[in-house]
Amino acid sequence: MGQGYPLLVKADMGFENPAKYEFLNRGVSGNRVIDLYARVKNDIIYLKPDVMSILIGVNDVWHEILEVPNSVDNDKFYKIYSMLIEEIKEALPDIKIKEDRGTVLLCP
């Protein structure tokens with residue numbers, strides 16, 4: 001389950017409703033949007049979840065800022081992310097997707 005927000009959600013919901021939910025954490029530390037898109041079928045579509053939470057983009061940002069080879073600029077990130085969401089919704093039309101849209105990058 002890891003030690004990040006998926007564990008906190010599982011602990012909270014599991015406390016309120018023991019054994020009601022099954023939680024699967026498919027997050028991979030260091031992954032970028034292109035990595036998630038490459039895993040979309042195995043890690044999301046084939047598992048057929050009812051609810052899915054996505055937290056992606058932090059690694060994409062720092063790779064772009066530091067000009068790491070194969071980094072993804074903002075436009076490409078948006079295109080790939082949009083394709084990811086579209087593919088998931090097409091395969092799993094009833095899925096509820098919880099996206100983190102409140103992330104703010106602070107720079108010195």
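This is a predicted model: local features need pLDDT of at least 70, side-chain atom pairs count only at pLDDT 80 or more; totals for chains, interfaces and linings use all residues.
Local features need pLDDT of at least 70, side-chain atom pairs count only at pLDDT 80 or more, and totals for chains, interfaces and linings use all residues. Residues are numbered from 1 along each chain as its sequence is written, and side-chain values use heavy atoms, leaving out hydrogens and water.

Start with the charged pairs. The whole structure holds 2 salt bridges (a side-chain nitrogen of Lys or Arg within 4 Å of a carboxyl oxygen of Asp or Glu). One joins Arg39 and Asp43, with 2.6 Å between the closest N and O atoms. Both of these residues are buried (under 20% relative accessible area; exposed is over 50%, partly exposed in between; 1.4 Å probe, protein chains only). Arg32 and Asp35 form a salt bridge at 3.8 Å, N to O. Here Arg32 is buried, at 11% relative accessible area. Asp35 is partly exposed, at 25%.

Now the core. A nonpolar core is a set of buried Ala, Val, Leu, Ile, Met, Phe, Trp, Tyr and Cys residues joined through side-chain atoms within 4.5 Å. The largest one has 16 residues. Ile44, Met52, Ile54, Leu84, Ile88 and Ile97 touch the most other members. Two or more residues come from each of α2 (33-38), α3 (40-45), β1 (51-54) and α5 (74-91). Helices (H or I, at least four residues) and strands (E, at least two) are DSSP runs, numbered from the N terminus. α5 gives the most, with 5 residues.

Take Met52 in detail. Leaving aside residues up to four places away in sequence, Met52 touches Ile44, Ile88, Ile95, Lys96, Ile97 and Lys98 (contact means heavy atoms within 4.5 Å).
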